[in-house]
Amino acid sequence: MDTVNSRILHSLVFAGILFVVLITSLTWFELRGKNDIMGNAYNKRMIAAEEEILRGSIIDRGSEILAETIASEASNIRNYPQKRLYAHIIGYHSSIYGKTLLEAKYNSELLGKSNLEFLSVFKKMLSKDVAQGYNLRLTLSHTLQTVAREQLGDRHGAVVALDPRTGEILAMVSTPDFNPNASSLEENWKSLIENENSPLLPRATMGLYPAGSIFKVVTAAAALETGNGDYMTNDQGTTVIDGMTFSNAGQKARGDIGLHQAMTVSSNVYFAELSQKIGAGALIAKAKDAGITKSFDFDLPRTDSRIGDSGMGKTELAATAIGQGKLLVSPLQMAMLAAGVANGGEIMQPYLVKTVENAGGEVLRETDPESLYKWVTPETAELLKEMMVSVVEEGTGTKAQISGVRVAGKTGTAQNEKSTESDSKDHAWFIGFAPAEAPRIAVAVLLEYRGEGGGRAAAPVAAKVMSTWLKMTATN
């Protein structure tokens with residue numbers, strides 16, 4: 001009898017466990033899994049059902065329409081009135097080639113399948129009106145996006161601008177770009193995917209580049225926080241480290257020089273020698289503190305930045321300290337780094353989608369600012385800020401100056417696979433923020449294969465973007 005009772009008890013316990021697992025699975029599916037599956041851009045049932053849904057609009061922070069659905073008797077047409085301006089943010093929506101970027105990431109919300117409204121299901125069942133998806137309100141400023149795109153012109157590269165206090169992306173442009181409207185996309189698809197300039201690549205988030213001298217901000221931070229901020233050297237224009245020669249631009253000698261002045265004039269000699277005092281472990285650790293090599297959630301696909309390992313030799317360490325070597329970074333990553341200096345050493349989580357709203361304008365979900373990394377102490381951030389101000393006021397970044405505003409910044413000229421002594425194709429970089437005393441905008445500008453220094457080519461772009469935003473928000 002005891003054996004029978006024991007078997008019955010075990011069977012009941014097993015059945016109870018299965019019941020709990022079933023309930024848990026169904027609950028998860030109802031609350032999370034269903035939305036992911038039903039909203040998936042490749043769900044064939046949803047693709048067929050889309051014709052019965054008026055896909056939600058995407059608007060900028062000031063309600064400028066960036067994407068909308070135009071209903072007709074024949075079919076619903078996804079329209080991008082700004083054409084190529086937001087191609088690398090919103091992506092495209094094509095019955096042939098699918099969806100990308102925000103159109104794919106927020107497919108469930110744009111179709112109204114997120115169940116953000118408790119009574120929405122019943123309302124839609126009872127209503128005879130065409131079902132409407134939810135709208136996305138972005139953090140982007142259409143005015144600033146337009147200015148950033150105009151500044152890039154026909155050059156290849158990227159501009160990222162964000163609010164260092166919140167992480168809101170204010171502008172994000174990658175060039176070359178493309179027209180995402182379905183008729184243009186489908187007509188030009190073959191040439192787009194075969195184009196050696198990769199117009200479909202969102203350079204701001206997925207492009208990886210040698211950082212050049214903008215990385216000296218990280219090297220300086222590592223020096224300050226390892227007790228090497230007082231290092232001095234006699235800069236003769238070149239230095240030899242473990243058999244390899246490192247030179248300043250034009251081999252210009254700077255004489256006796258310390259950290260502040262070395263940052264101002266961007267001395268490769270100083271930072272290459274400084275790296276030997278810091279050590280590979282400390283330099284790499286500080287780079288990782290700033291988010292390099294780390295993954296984080298973002299509204300768009302992105303590529304993690306890269307750096308060598310702590311076992312690197314002396315020459316690779318020196319190269320890394322001046323932004324070369326195995327170091328590769330994205331424009332978004334470097335905009336975040338600049339924002340971290342501006343924000344007292346704290347890097348905020350970047351985001352593009354501010355709110356999800358229903359057709360009546362009711363906010364159903366809102367993104368709140370959130371801290372991502374604390375990469376340096378407030379004291380270190382303040383010292384870095386003063387160095388970066390000096391760069392713009394009297395150093396390599398004078399073309400980033402804005403009348404009546406203290407600007408902080410760092411220029412960079414990065415060698416790459418196309419760089420040669422006779423035909424320079426170096427990348428031009430600038431990172432910075434303004435106003436230095438109470439920053440409202442941080443930027444990163446990258447110009448590919450310009451053969452010009454960052455101070456000459458990239459700094460003016462940053463100045464225009466920053467000054468535009470400061471004028472727009474002067475009363476805030």
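The protein chain of this predicted model contains 18 helices and 21 strands. Helices (H or I, at least four residues) and strands (E, at least two) are DSSP runs, numbered from the N terminus. Residues are numbered from 1 along each chain as its sequence is written. Because the model is predicted, local features need pLDDT of at least 70 and side-chain atom pairs count only at pLDDT 80 or more, while totals for chains, interfaces and linings use all residues; side-chain values use heavy atoms, with hydrogens and water left out.

**The chain as a whole**

Of the 476 residues in the protein chain, 54% are buried. Buried means under 20% relative accessible area, exposed means over 50%, and partly exposed lies in between (1.4 Å probe, protein chains only). The chain exposes about 21600 Å², of which carbon and sulfur atoms supply 52%; the areas come from the Shrake-Rupley method with a 1.4 Å probe, and for residues only the protein chains shown count as cover. Among the contacts with a separation of 6 or more, 68% are between residues 24 or more positions apart, a contact being heavy atoms within 4.5 Å.

A nonpolar core is a set of buried Ala, Val, Leu, Ile, Met, Phe, Trp, Tyr and Cys residues joined through side-chain atoms within 4.5 Å. The largest one has 95 residues, and Met172, Phe215, Val217, Phe271 and Trp375 touch the most other members. Helix α15 (residues 331-342) gives this core its largest share, 9 residues. Another core, of 29 residues, lies apart from it and includes Val159, Ala428, Leu447 and Ala459.

Beyond its neighbours within four places in sequence, Val217 contacts several residues, including Leu337, Val341 and Trp375. The 12 residues of α15 should span 16 Å at 1.5 Å a residue, and the end C-alpha atoms are 17 Å apart, which agrees. The expected span is 1.5 Å times one less than the number of residues. Just after α15, Gly344 has a positive phi of about 70 degrees.

**An open sheet**

In the order β4-β3-β2-β8-β16-β17, 6 strands form an open sheet with mixed pairing. Its edge strands, β4 (76-79) and β17 (363-366), each pair on one side only. Two strands pair if DSSP finds at least two bridges between them. Strands β2 (residues 58-59) and β3 (residues 65-71) pair in the antiparallel sense over 2 bridges, and Ile58 has Ala67 of β3 as its bridge partner.

**Salt bridges**

Side chains of opposite charge can pair when their charged atoms come close. A salt bridge is a side-chain nitrogen of Lys or Arg within 4 Å of a carboxyl oxygen of Asp or Glu, and the count comes to 20. The table lists examples.

| Salt bridge | N to O distance |
|---|---|
| Asp177 and Arg84 | 2.8 Å |
| Arg302 and Asp304 | 2.8 Å |
| Arg406 and Glu393 | 3.9 Å |

Asp177 and Arg84 are 93 residues apart, and their pair links distant parts of the chain. Asp177 counts as buried because its relative accessibility is 9%, whereas Arg84, at 38%, is partly exposed. Likewise, Arg302 is buried at 17%, while Asp304 is partly exposed at 24%. Arg406 is partly exposed at 31%, and Glu393 is partly exposed at 47%. Finally, salt bridges link Arg61, Glu168, Lys354 and Glu366 in a network.
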